[in-house]
Amino acid sequence: MAKETGWERNSDPLGIWEHRGKVAMVGRGHSTTDRRWDGESMDKTLGAYSLVAAQNAMEDAGISPDEVDGIISSAGGQANGQPLGEVWAPRPYFDPPYDSEDGLSHVTAEWLAKQLDLKNVTYMNSHGDTVWNLIGQAAQAIGDGRATVCLVTYPNGNMAGRYHQESSLEASGNAQWSSPWGWGLSGQGFTFDQYCRKYGSNHDRMAPFIVQEHKNGRLWPYSYYALHEPEPFTEEDYLNGRMIAKGLSIFDCDRPVQAAACYVVTTAERAKDMKQKPVYILDHTESAFRPRSLVQTLDDTEEWTDIQAKRAYAGSGLTPDDIDLFSPYDGFAVFTQYFLEAFEWRGVKRGDAHDFYAGDISLEGPNPLNAGGGNMGTGRMRTVFITDSMEQLQGRAGPRQVKGKAEIAVTIGVLPGNAGCLVFSSTPD
Amino acid sequence: MAHIDEYIEKRTVTMAILLSFDIDGTLEFGEPPGGVTKEMVQRAHDLGFIVGSCSDRALSSQRAIWKQLDVPFAFVKAKHQLGTVKGEFPADAYYHIGDRDTDVQVAEQAEFGFWWDHEAVSEPWLDL
């Protein structure tokens with residue numbers, strides 16, 4: 001599984017993307033969404049769900065498997081093909097095609113091509129990354145002529161048991177300072193605490209945003225909550241959440257789920273003949289940063305997201321006023337405000353996000369932030385950011401369809417420190 | 001069931017006992033499902049125990065679970081709020097049932113007795 005490098009657009013200053021408007025997304029497919037894989041039901045493995053998602057995406061786009069000549073997969077949902085959840089081993093594997101980790105806790109492009117009997121695939125990549133980066137990689141590959149019709153699959157797994165438990169009794173190097181505080185979260189709590197102190201805010205002021213995300217997410221048919229916990233999530237719910245770190249509650253953290261999604265990315269020319277209205281990709285940019293010290297600070301976060309916004313605007317040729325739909329990642333809900341303020345969507349400046357949340361961010365109003373509901377409203381599958389952006393621009397978001405204009409959508413994720421940004425348009429120019 | 005029938009026959013309610021159930025991994029309608037069934041919870045309620053839930057689930061989600069159980073409940077609380085139950089429901093004894101270390105922690109902090117989910121399937125509260 002070779003890792004392809006050099007495709008990222010991350011060298012400043014960036015110019016307009018050379019393939020702006022010449023690549024399009026057409027189809028999307030999803031599996032159903034479970035809380036976990038039970039370890040027994042072979043029709044509910046991550047591989048089985050990825051097959052369902054791929055078949056649904058091809059059907060949605062109106063193409064046959066023989067038309068596919070490229071597959072890009074994030075085998076496990078994270079960078080370098082790492083799984084988001086736990087792996088199956090050392091437990092014994094099953095009969096083929098589930099006789100290895102491939103198909104269980106991660107799903108490579110190679111595995112998918114074999115199971116789907118995709119005979120004409122000439123471009124395959126499983127080195128893996130988050131879904132924003134994968135779409136960016138596919139866009140670049142299509143634009144560069146390395147494939148014409150590319151499937152981009154994104155599996156997100158969750159095994160039985162607890163999630164991201166630190167099994168080691170020892171911590172060396174930098175981990176000695178961070179591991180005692182738990183996986184990842186303490187750092188985000190620290191940054192959020194800095195934010196609140198700097199701008200005079202507090203955790204409870206996140207409530208309108210989280211409640212709205214849940215409301216939006218209940219309208220997305222693949223949302224874990226729409227499927228399994230459809231009752232409305234209220235401000236009372238949010239304000240009573242157990243604190244996980246200072247300033248961060250359990251309801252600021254996305255819920256791990258088991259699901260898969262797939263997208264059809266192709267040339268703008270080829271897209272014209274497909275079943276759905278094309279969503280044109282105006283730009284993709286990527287970025288990766290390292291904190292100055294052991295823990296990411298607010299200064300780091302604001303500097304990084306400022307660079308990301310600058311790249312996105314430079315690469316697409318757009319301004320904040322051009323964006324109709326903005327969908328910044330929220331895996332930890334506090335991420336969203338950093339992106340929102342950096343991109344200055346709807347004029348939101350540093351420190352203004354919580355005031356903005358207190359206004360009208362509904363689907364019916366002028367500022368439909370994260371119209372799909374984000375991870376908070378759908379579960380930790382990350383794909384609603386892509387699917388909702390597509391569907392809004394295609395005018396087929398159903399009850400989530402925003403009332404305002406839906407011609408330009410921007411989404412960015414996952415981390416302030418490591419993200420891909422995508423700019424979509426309903427027209428190629 | 002003989003044990004339960006015998007208990008029900010002999011029991012005279014002299015103490016107010018409150019049972020707090022965790023949901024996920026504890027109740028059969030949790031995710032993952034636990035071993036404590038609707039029948040067990042219903043029986044506790046019918047015998048005069050004060051029953052409710054204390055879980056990391058959203059309060060609205062907890063209420064939905066109780067609706068699914070179709071058992072009258074006295075309270076729903078976020079897990080870290082277990083201690084507040086004492087102020088709202090005077091009782092002679094308080095117990096929390098759960099499947100995680102967090103459940104043990106909150107029970108100890110709130111000075112509740114504690115049963116693990118696997119212990120709870122034998123309905124130890126019937127022996128109180």
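1. A word on terms first: a polar contact here is a pair of N or O atoms within 3.5 Å; within protein, one must be able to donate a hydrogen and the other to accept it, and residues adjacent in sequence count only if both atoms are side-chain atoms. By that rule, domain 1 and domain 2 of chain A share 18 residue pairs in polar contact (both at pLDDT 80 or more).

2. Please keep in mind that this is a predicted model, where local features need pLDDT of at least 70 and side-chain atom pairs count only at pLDDT 80 or more, while totals for chains, interfaces and linings use all residues. Residues are numbered from 1 along each chain as its sequence is written, chains are lettered from A and ligands numbered from 1 in the order in which they are written, and side-chain values use heavy atoms, with hydrogens and water left out.

3. On to the domains of chain A: domain 1 covers 23-161 + 256-278 and domain 2 covers 280-425, with bounds from an automatic or database domain assignment. Their C-alpha centres are 24 Å apart. The contact (heavy atoms within 4.5 Å) draws 34 residues from domain 1 of chain A and 26 residues from domain 2 of chain A.

4. Between them the two domains of chain A bury about 2600 Å², 59% of it on carbon and sulfur atoms; buried area is the accessible area (1.4 Å probe) that two parts lose on being put together, summed over both. In domain 1 of chain A, the residues that lose the most area to domain 2 are Met25(A), Arg28(A) and Trp132(A), together 28% of what that side buries.

5. The domains of chain A are also joined by two salt bridges, each a side-chain nitrogen of Lys or Arg within 4 Å of a carboxyl oxygen of Asp or Glu. Arg396(A) forms a salt bridge with Asp60(A), with 2.8 Å between the closest N and O atoms.

6. Now for the chain interface: chain A gives 15 residues to the contact and chain B gives 16. The area buried between chain A and chain B is about 1400 Å², with 46% from carbon and sulfur atoms. On the chain A side, Arg162(A), Asn240(A) and Arg242(A) lose the most area to chain B, together 38% of what that side buries.

7. Four salt bridges link chain A and chain B. Glu236(A) pairs with Arg63(B) in a salt bridge whose closest N and O atoms are 3.2 Å apart. The interface of chain A and chain B also has 10 residue pairs in polar contact (both at pLDDT 80 or more).
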